[in-house]
Amino acid sequence: MKKINIIPYILGAVVSLAFSGLCIYTFCPAFNIHNLGLWILIDIAIIIFIVVERLAKGCKDFGWVTYSKKVGSKGRKKTFSKFNFEIKHYIVPIVLTAVILVIAAVSSSFFNASSYSKILKVNDADFSTDLAESVGTDSIALMDTASAQMLGDREIGSLSDVVSQFNVSYDYTQIDYNSKPIKVSALEYAGFFKWMNNKDNGVGGYVTVDPVSMSASFEKSDGMKYVPSAYFSEDAHRHIWSEYPTLMLENLHFEIDENGKPYYVVSIIDKTIALFGGKTVIGCIVLDPVSGETVKYDVDNIPKWVDVVFYGDLICTQYNWYGKLQNGYINSLFAKKDCKQVTTYYSEEDEADEEPITDYGYVAKDGDIWIYTGITSVNGDSSNIGFLLANERTGESRYYSVSGADEKSAMSAAEGEVQEKGYQASFPSLINIDGNPTYIMVLKDSGGLVKLYAAVNVEQYNIVATASTQAECIKKYKTALGIENAEITTDSEETTVTISSIKYIDIDGNTYIYLIDENNNLYRAKASANENMLLLNAGDKVKITYSGKNISACEKVG
């Protein structure tokens, strides 16, 4: 009997297992049949085993080889070279790779367009009744993450005992805290050695940012040991994975409950189409970072204080499946009949972007955080056909059929109102002002500081108001709409001018009066709210009260 040398097999197994163990410890993949990454890891591990085993035997299964061969009638030797590949030794990984590719294809939207389009349940709703004006501006979370980061860093920078050991995590979470929207972010270790120095006490606090008052504060807490910036077994993701190794987990983020106690929350993911397709959320796990205790919740039993489980990026992806694939995959590529999607744009900061970016605003409603985004046709025009509001805790999604300008057009309109200042608008949110769908946003200077608020009418985005506070901005906006009894803002200005020309412009059935004075300054007002202005003529001298370009009062002089 031929003696078998087992050393090559042992070497192959050792190297393959070492590689697999390192990958598992580093990336913490779910041991789940629906996890594509696990299949790929197994495939690579098999290849490593075969390669090491063959090399240990001195075999050369692939590469260029040189050989001699007799040619001609005189039997001369001639040297040749060719690429050698012993495919028979790699049948198993080749077959496994083919199986993975086939299953991935079968799981794709190409073969399952109808199933993909049904993952997100979208209910039609009425804007005026569902998004009541009583929600108020205090419920609108206008601050973007970049501004929150700046305020948070400034707050921590003033605490010398904290800033030397910790940073504020850039992963801010928008939550509803006691019926008000705030952004929260935990401190994180400033590197491995800072973790070594402080791991016994843990992270001692977090930062909250109020998007209404534009202020940040540092809140102390018990030492949080199980955090994403920790190492080894105290890494929050690894700690959760060690207790739930078969669950697919995404969107690990920081939240606080209504008493200010810190937690980390991670969404539990399932694939509902074939093996790898149709991502959806089926629950969450809540981690107490102080004790390390974890609690798993099904999607129907998530605590009210938890705000982000169905996270915004996934909801936008699921809506695009819903909007594009209802009439089949081929239709989504060519005819595109009835296809719609969430609004997208290309980043001005990175002109190399190949894919458009989705973005969304936030609304605190009924004790939950809802994401807002516009819905547009896939033809790429600059208008919306409706809006989507989706609950990040429950996944409930509502569609409002309201046409108007898209968010980028509204942002441009707000920037144009104060173009001499060079401010940049943040992505807006949506509010109801006396039945008028309205974009509201902040305007920031080049340093990222919030300078003004802006309100832009969705259906008539030439109606714009800006002010230094949300309340003043809304008052100005109501004046521009011509709503009766709207208060004149305290920062309104008065001037006396001579009219050089008057123009009347009809916008969606409403007549607007545009006055141009002798210095080519332009002022405007809604005719139905300022009927006395219909009697004015070129050459008249008038005293006007205005904010920006919007007239709130006009009186003829002399």
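Me: Ser-117 is found in helix α4. What makes a stretch a helix here?

Reply: Helices are DSSP runs of H or I with at least four residues, strands are DSSP runs of E with at least two, and both are numbered from the N terminus. On that basis the protein has 13 helices and 32 strands. Bear in mind that this is a predicted model, where local features need pLDDT of at least 70 and side-chain atom pairs count only at pLDDT 80 or more, while totals for chains, interfaces and linings use all residues. Residues are numbered from 1 along each chain as its sequence is written, and side-chain values use heavy atoms, with hydrogens and water left out.

Me: Why is Ser-117 called buried?

Reply: Its relative accessibility is 7%, so it counts as buried. The scale runs like this: buried is under 20% relative accessible area, exposed is over 50%, and partly exposed is in between, with a 1.4 Å probe and protein chains only. Of the 558 residues of the protein, 49% fall in the buried class.

Me: What does Ser-117 touch?

Reply: Setting aside neighbours within four places in sequence, Ser-117 is in contact (heavy atoms within 4.5 Å) with Trp-321, Tyr-322, Leu-325 and Gln-326. There's also a polar atom of the Ser-117 side chain 2.7 Å from the backbone oxygen of Ser-114. A polar contact takes N or O atoms within 3.5 Å; within protein, one must be able to donate a hydrogen and the other to accept it, and residues adjacent in sequence count only if both atoms are side-chain atoms.

Me: What sits at the two ends of α2?

Reply: At the start, a side-chain oxygen of Asn-35 comes to within 3.1 Å of the backbone nitrogen of Gly-37. After the helix comes Gly-58, with a positive phi near 80 degrees.

Me: Which residues of α2 are buried, and what do they pack against?

Reply: Leu-38, Trp-39, Leu-41, Asp-43, Ala-45, Ile-50, Val-52, Glu-53 and Arg-54 are buried. The buried residues of α2 pack against α1 (7-27) and α3 (91-106).

Me: Why are α2 and α3 called roughly antiparallel?

Reply: Their axes come within 9 Å and cross at roughly 165 degrees. That makes the two helices roughly antiparallel: under 35 degrees counts as roughly parallel, over 145 as roughly antiparallel, 65 to 115 as roughly perpendicular, and the rest as oblique. The axes are lines fitted to C-alpha atoms, for helices over the stretch in contact, and angles run from 0 to 180 degrees between N-to-C directions. Residues making the contact include Trp-39, Ile-40 and Ile-47 of α2 and Leu-96, Ile-100 and Ile-103 of α3.

Me: What about α1 and α2: what puts them in their angle class?

Reply: The axes of α1 and α2 come within 8 Å and cross at roughly 150 degrees. α1 is therefore roughly antiparallel to α2. Among the residues in this contact are Gly-12, Phe-19 and Cys-23 of α1 and Ala-45, Phe-49 and Val-52 of α2.

Me: Which hand does each crossing have?

Reply: α2 and α3 cross left-handed, and α1 and α2 cross right-handed. A crossing is left-handed if the near helix is turned anticlockwise from the far one by less than a right angle, and right-handed if clockwise.

Me: What makes the phi of Asp-366 and Asp-434 worth a look?

Reply: Most residues other than glycine have a negative phi. Asp-366 has a positive phi near 55 degrees, and for Asp-434 phi is also positive, near 55 degrees. Asp-366 is in the loop between β17 (361-365) and β18 (368-377), while Asp-434 is in the loop between β24 (429-433) and β25 (436-444).

Me: Why does Asp-366 count as exposed, and Asp-434 as partly exposed?

Reply: Asp-366 has a relative accessible area of 55%, so it is exposed. Asp-434 is at 47%, so it is partly exposed.
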